[in-house]
Amino acid sequence: MTRYIDEDLHGAEFRECDLTGARLIGVVMQDAVIDGLVTNLVVNGVEVTEYVEAELDRRHPVRVLIRSEDPDDLREASRQLHAGWTATIERIRRTPGIERRSVNDEWSAVQTMRHLVFVHDSWFRRCCLGSTELFTPMGIGPTVEPYRGAHGLDLSLDPALDEIVSVRDAQAAELEAWLDEVTAVQLAAPAPVPDDDVWPPYARGRSVRQCLRTVLNETFEHHRFCVRDLDLIEAQDAECR
């Protein structure tokens, strides 16, 4: 365990770090931002995770649908998520070029959508359908080897917004058509993950519903991140005028 005692970490950034079990004692933490998978977080003796989760559900009711075991709720969640992305893409089109801009070292809008292309191929087609087909080349997957640029991904590609949107629309239609037919029994069944070394390696043993939930959660969270960053970019541009 690394211990920091009387250290000045003002402005420090922890990105893609595992802080499980971290203890911050006698600290000064003002204007701090925490964004990630946070559970069992105790602040000054108060477990705050439930408060945070309840507020997120209030702001984003689709989260409740995503957690449901009812196929009708999952169908509605998928439709709402697609509608949200459609509105955001229309917003992006009103400011040409904004789709390739990024802030705070985050993905741009086009990179985010390309990652969702990969999420659909890996967590839906492979894990829910059992497909062994190559991934869509434009997808952006994990950075770790041997998965980076593997199974059909082409890291040299730089597709235009319209091309990415076309692929995402086709994927959304594929998902919704499947959801229109899927049953609760099928969702509860073990995911038919192919027995090979393709991403995601940790999906085996999960149910179809758990893998679908990953698809829907990724679609929701990355939309939230994308909107957040578009707001920041537009605010910065307004200040410069």
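Let me start with a definition: rings of Phe, Tyr and Trp, for Trp the six-membered ring, pair if their centres lie within 6.5 Å. In this predicted model, W123, Y147, W199 and Y202 form one aromatic cluster.

How many aromatic pairs are there by this rule? The count comes to five. Take F118 and F135. Their ring centres are 5.3 Å apart and the planes stand at 85°, so this pair is edge-to-face. Where do they sit? F118 is in helix α4, and F135 is in the loop between α4 and α5 (161-181), so the pair ties together parts 17 residues apart in sequence. F118 and F135 are buried.

Next, W199 and Y202, both from the cluster. Here the centres are 5.5 Å apart and the planes are at 90°, so this pair is edge-to-face as well. Buried or exposed? For W199, relative accessibility is 15%, so W199 counts as buried. Y202 has a relative accessible area of 43%, so Y202 is partly exposed.

Now to the helices. Two packed helices are described by the angle between their axes and the distance between the axes. For α3 (residues 71-93) and α4 (residues 109-126), the axes come within 12 Å. They cross at roughly 150°. Angles over 145 degrees count as roughly antiparallel, so α3 and α4 are roughly antiparallel to each other. Their crossing is left-handed.

Which residues meet there? From α3, we have W85, I89 and I92. From α4, we have A109, T112, M113 and L116. By class, this contact has six nonpolar residues, one polar and no charged.

Key
Residues numbered from 1 in each chain as written. Predicted model: local features only at pLDDT ≥ 70, side-chain atom pairs only at ≥ 80, totals over all residues. Heavy atoms only, no water. Axes fitted to C-alpha atoms, helices over the stretch in contact; angles between N-to-C directions. Helix = DSSP H or I, 4+ residues; strand = E, 2+ residues; numbered from the N terminus. Parallel < 35°, antiparallel > 145°, perpendicular 65-115°, else oblique. Left-handed = near helix turned anticlockwise from the far one by under 90°. Contact = heavy atoms within 4.5 Å. Nonpolar A, V, L, I, M, F, W, Y, C, P; charged D, E, K, R; others polar. Phe/Tyr/Trp six-rings, centres within 6.5 Å; stacked < 30°, edge-to-face > 60°. Buried < 20%, exposed > 50% of the residue type's maximum accessible area, 1.4 Å probe, protein only.
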